[in-house]
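Me: I'd like to learn how to read an annotated site and a helix in a model like this one. Could you walk me through it?

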Amino acid sequence: SDVEQSYIMIKPDGVQRGLVGEIISRFEKKGFVLKGLKLFQCAKDLAQEHYKDLKDKPFFPKLIDYITSGPVVCMAWEGDGVVASARKLIGATNPLQAEPGTIRGDLAVQTGRNVVHGSDSPDNGKREIALWFKESELCQWEPVQTPWLIE
Ligand code: DAT
Ligand code: MG
């Protein structure tokens with residue numbers, strides 16, 4: 001697809017804390033289009049590839065342990081401006097600095113348990129969706145509400 005896409009992932013703490021519906025709902029209500037969705041327990045090598053830009057950080061091993069500690073919810077969301085907008089909906093990396101009204105601002109207290117991931121650029125959106133999903137797991141569909149969201 002040529003339309004911008006973001007890879008959004010509910011991390012293991014979000015799943016364990018029963019926040020899956022709450023988090024998905026925020027992206028749904030905003031008006032982005034869900035193109036892929038699955039509950040998935042990921043292997044270390046996939047987590048390491050996903051976070052490869054951070055591999056030299058001191059917290060990298062803990063980050064990989066956290067992301068692989070339980071099932072995550074993988075999502076592909078589509079829409080013009082979805083990458084930057086999703087990051088606004090998610091809020092700052094440190095939940096104590098995240099604004100109220102954002103997912104992390106409302107639902108989390110620690111950087112190491114910040115409940116959700118969102119791609120940081122359109123290129124990374126495509127890269128991460130290709131990393132976490134098979135082509136056959138993504139659906140091409142058009143919500144009936146589209147003309148009521150986009151003039
Ligand atoms: P974001 O998830 O907001 O894009 P990031 O890409 O800089 O943030 O880092 C990815 C994840 O790594 C982040 O969600 C939590 C963890 N992390 C980042 N900085 C950290 C730090 N200083 N200490 C511990 N974990 C950190
Ligand atoms: Mg990031």
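Predicted model: local features only at pLDDT ≥ 70, side-chain atom pairs only at ≥ 80, totals over all residues.

Me: Is His117 buried or exposed?

Reply: The cut-off for buried is under 20% relative accessible area. His117 has 9%, so it is buried.

Me: What does His117 touch, not counting residues up to four places away in sequence?

Reply: Its contacts are Tyr7, Ile8, Met9, Lys11, His50, Tyr51, Ile90 and Glu128. One of these, Ile90, also belongs to the buried set of helix H5.

Me: Then let's look at H5. Which residues of helix H5 are buried?

Reply: Start with the general idea: an α-helix has 3.6 residues a turn, so residues three or four places apart point the same way. In H5, residues 82-90, the buried ones are Val82, Val83, Ser85, Ala86 and Ile90. They lie on the same side of H5, because they cover an arc of only 165 degrees around the axis.

Me: Which exposed residues does the face turned away from the buried side carry?

Reply: Ala84 and Lys88 are the exposed residues there.

Me: And what covers the buried residues of H5?

Reply: The cover includes strands E1 (5-10), E3 (72-78) and E4, along with helices H2 (20-30), H6 (103-107) and H7 (122-132). E4 is also the strand that holds His117.

Me: What follows H5?

Reply: Gly91 does, with a positive phi near 90 degrees.

How values were computed
Residues numbered from 1 in each chain as written. Chains lettered and ligands numbered in written order. Heavy atoms only, no water. Helix = DSSP H or I, 4+ residues; strand = E, 2+ residues; numbered from the N terminus. Buried < 20%, exposed > 50% of the residue type's maximum accessible area, 1.4 Å probe, protein only. Contact = heavy atoms within 4.5 Å. Arc of directions from axis to C-beta.
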